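My notes follow in the order in which I took them.

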Amino acid sequence: MIALTPLFSCGKGIHNRLNGHQERVIKSELKNEQKKSGEKIAADNFDCHFFSPVPESVFKKMEGKSFPKDCPVDIKELTYMKFSHYGFDGKTHTGELVVNKAVAKKLTRIFHQLYEAKYQIEKIKLIDEYGADDEASMSDNNTSAFCYRKIAGSTNLSVHAKGLAIDINPLYNPCVHYKNGKISKVEPKNGQAYVERAANDPRRIKKGDFIYKLFVTNGFTWGGDWKTLKDYQHFEYDPEKE
Ligand SMILES: [Zn+2]
């Protein structure tokens with residue numbers, strides 16, 4: 001694990017900017033860590049996959065949205081990831097995620113492997129670009145992780161509130177609710193066309209496929225394996241299970 005220096009601490013008045021120098025330090029620390037572990041994660045501008053403490057510029061976007069006022073989460077528990085991914089156009093794009101630091105290294109490795117396999121993920125933007133509106137982000141097929149919110153229709157906090165869950169290509173992998181054996185709700189609403197899982201489309205996550213295996217071998221649970229609802233977009237990690 002690279003040293004995740006707390007660059008700033010929310011609510012305690014310590015706000016240091018992640019400047020170019022610190023960014024370079026983080027990259028070189030990551031490179032050293034990769035050398036030690038034998039992993040090959042290039043850190044150049046084209047094939048770049050790295051993570052750092054949440055920079056102040058990113059925190060400003062999150063404040064009042066995915067990180068609401070009075071949010072009890074310690075910002076030091078969260079990590080900012082920036083990396084290359086393949087889009088539906090088959091070209092390289094840059095993705096951004098905020099995740100719990102307990103999964104930062106795992107997810108960096110997973111996204112590097114997805115990139116090497118040219119696995120297509122349409123958009124990976126901060127949910128704050130959608131005003132932290134999950135339905136808006138999902139219906140735009142945007143992949144996201146941290147968002148301090150309750151489970152829809154419940155008072156319980158979502159695993160996303162800890163940054164321990166990620167939703168991949170959510171339009172193509174909707175969350176399907178059932179009542180008396182019949183579909184009662186599909187999230188996002190425009191995901192109805194993608195409830196059918198048999199289609200020969202690698203972007204529709206299926207049990208045993210490449211992306212499923214990648215997450216499961218890294219200790220994640222898949223929402224498509226649940227019984228009462230099928231959350232095909234959702235992978236979550238429980239650090240207490242390790
Ligand atoms: Zn989810």
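Predicted model: local features only at pLDDT ≥ 70, side-chain atom pairs only at ≥ 80, totals over all residues.

I call a residue buried if 20 or more other C-beta atoms lie within 10 Å of its own, exposed if 12 or fewer do, and partly exposed in between, with C-beta atoms placed from the backbone. I number residues from 1 along each chain as its sequence is written.

Entry 1, positive phi. I looked up Asn 169 and found a positive phi of about 40 degrees, although Asn 169 is not a glycine. Asn 169 sits in the loop between strand S6 (165-167) and S7. My helices (H or I, at least four residues) and strands (E, at least two) are DSSP runs, numbered from the N terminus. Is Asn 169 buried or exposed? Asn 169 counts as buried because it has 25 C-beta neighbours inside 10 Å.

Asp 70 is not a glycine either, and I read a positive phi of about 65 degrees for Asp 70. I placed Asp 70 in the loop between helix H2 (56-62) and S4. Asp 70 has 6 other C-beta atoms within 10 Å, so I noted Asp 70 as exposed.

Thr 79 belongs to strand S4, which covers residues 78-86. I noted Thr 79 as buried because 24 other C-beta atoms lie within 10 Å.

Entry 3, a sheet. I traced an open sheet of three strands in the order S8-S7-S10, with antiparallel pairing. Its edge strands are S8 (182-187) and S10 (229-231), and each of these pairs on one side only. On average, neighbouring strands of this sheet are turned by 15 degrees against each other, direction ignored. The axes are lines fitted to C-alpha atoms, for helices over the stretch in contact, and angles run from 0 to 180 degrees between N-to-C directions.

I count two strands as paired if DSSP finds at least two bridges between them. How many bridges join S7 and S8? Strand S7 (residues 175-179) pairs with S8 over five bridges, in the antiparallel sense. For His 177 I found Lys 185 as the bridge partner in S8.

The peptide bond from Glu 187 to Pro 188 is cis, and I read omega near -5 degrees. Pro 188 is in the loop between S8 and helix H5 (210-217).
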